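Hi,

Here is the structure I promised to pass on. Have a look, and my notes follow below.

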Amino acid sequence: MSIVQLFEVAIACDVVLCCRVAPLQKAGIVDLIKKRTSDMTLAIGDGANDVSMIQMADVGIGISGQEGRQAVMASDFAMGQFRFLVPLLLVHGHWNYQRMSYMILYNFYRNATFVFVLFWYVLYTGYTLSTAINEWSSVLYSVVYTSAPTVIVAILDKDLSRRTLLKYPQLYGAGQREESYNLRLFIFIMVDSVWQSVVVFFIPYLAYKNSAIDSASLGDLWTLSVVILVNIHLAMDVIRWTWITHAVIWGSIVATWICVIIIDSIPTLPGFWAIYEVMGTALFWALLLAVIVVGMIPHFAAKAIREHFMPNDIQIAREMEKSQDSRDANQPEVQMSTSTRA
């Protein structure tokens, strides 16, 4: 059989079992699929003769059994029995795809929004080296202001329960169809970040244009607006809320306020006392509210339209879960009332 014929037979199959072949031949079949298609490959083995195949595949799984631990040591994931492959792919694989897809887009969005605000200020100042946002705030933006929510949501958030994913294995196809991460979503998130940066920069700038407020006070308002916006954006997309999620998202906003106040309370740093000059005015709070409302309109509208008029399989399954949970919660009450009548 030629390589072309072998390739045609391989792509016509969902699963290829390599029995009684040399280790290099197993790896060669995986390499053949990787070079001639754009599909991701998964290799599973339990012995030393499967090591080359496992290392060649995009994802390698080693089975720990009587054949030794050579395959396990060379794999990306290890398990004790083949039956664990189903929850690994359908449950943990789906969760990982959903989290990673969203976090990649979200990290591009939160960093782009902050950078675009700095970009508009550079245009306003004629490409000078001055900046309205304190250098400490620029450093702390990715370290303190927005880091904890990103980490916690990436670890704890789940779009569907384990029971639903195992009951409907077709939901795994969402990752194969690239529904959560694609070029269209990336372009939309970048357009949204540009819109929010424009709102954050120009609404306060136009409001304070003819006032005596300095650039440091405006910089504090811009910093607080960006941090609140990106955290509310994340909060709108969180699916499974826990007390840890509440603590890190709203706590990050509180931590930003505290840090800005501390930074502006140090006499040796630029912008000393700037936050106190604007925080005591009603215009400051009105502008902060206006920026949040106007900035979130596109994301809120797109999310509402997508979920109510163009739901995908994941959204439909999530609504089924909620309906089932509601029925389960009401069932004990029905039984209790029946026993009472009896």
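What share of the contacts in the protein chain with a separation of 6 or more comes from residues 24 or more positions apart? It's 69%, where contact means heavy atoms within 4.5 Å.

Before you read on: this is a predicted model, where local features need pLDDT of at least 70 and side-chain atom pairs count only at pLDDT 80 or more, while totals for chains, interfaces and linings use all residues. Residues are numbered from 1 along each chain as its sequence is written, and side-chain values use heavy atoms, with hydrogens and water left out.

On overall layout, the domain assignment (automatic or from a database) gives domain 1 (20-80) and domain 2 (86-313). Their C-alpha centres sit 40 Å apart. The C-alpha trace spans about 80 × 75 × 40 Å along its principal axes.

You'll find 15 helices and 3 strands (DSSP runs, H or I of at least four residues for helices and E of at least two for strands, numbered from the N terminus). Buried residues make up 39% of the 342, buried being under 20% relative accessible area with a 1.4 Å probe, protein chains only.

Cheers

Conventions. Buried means under 20% relative accessible area, exposed over 50%, partly exposed in between (1.4 Å probe, protein chains only).
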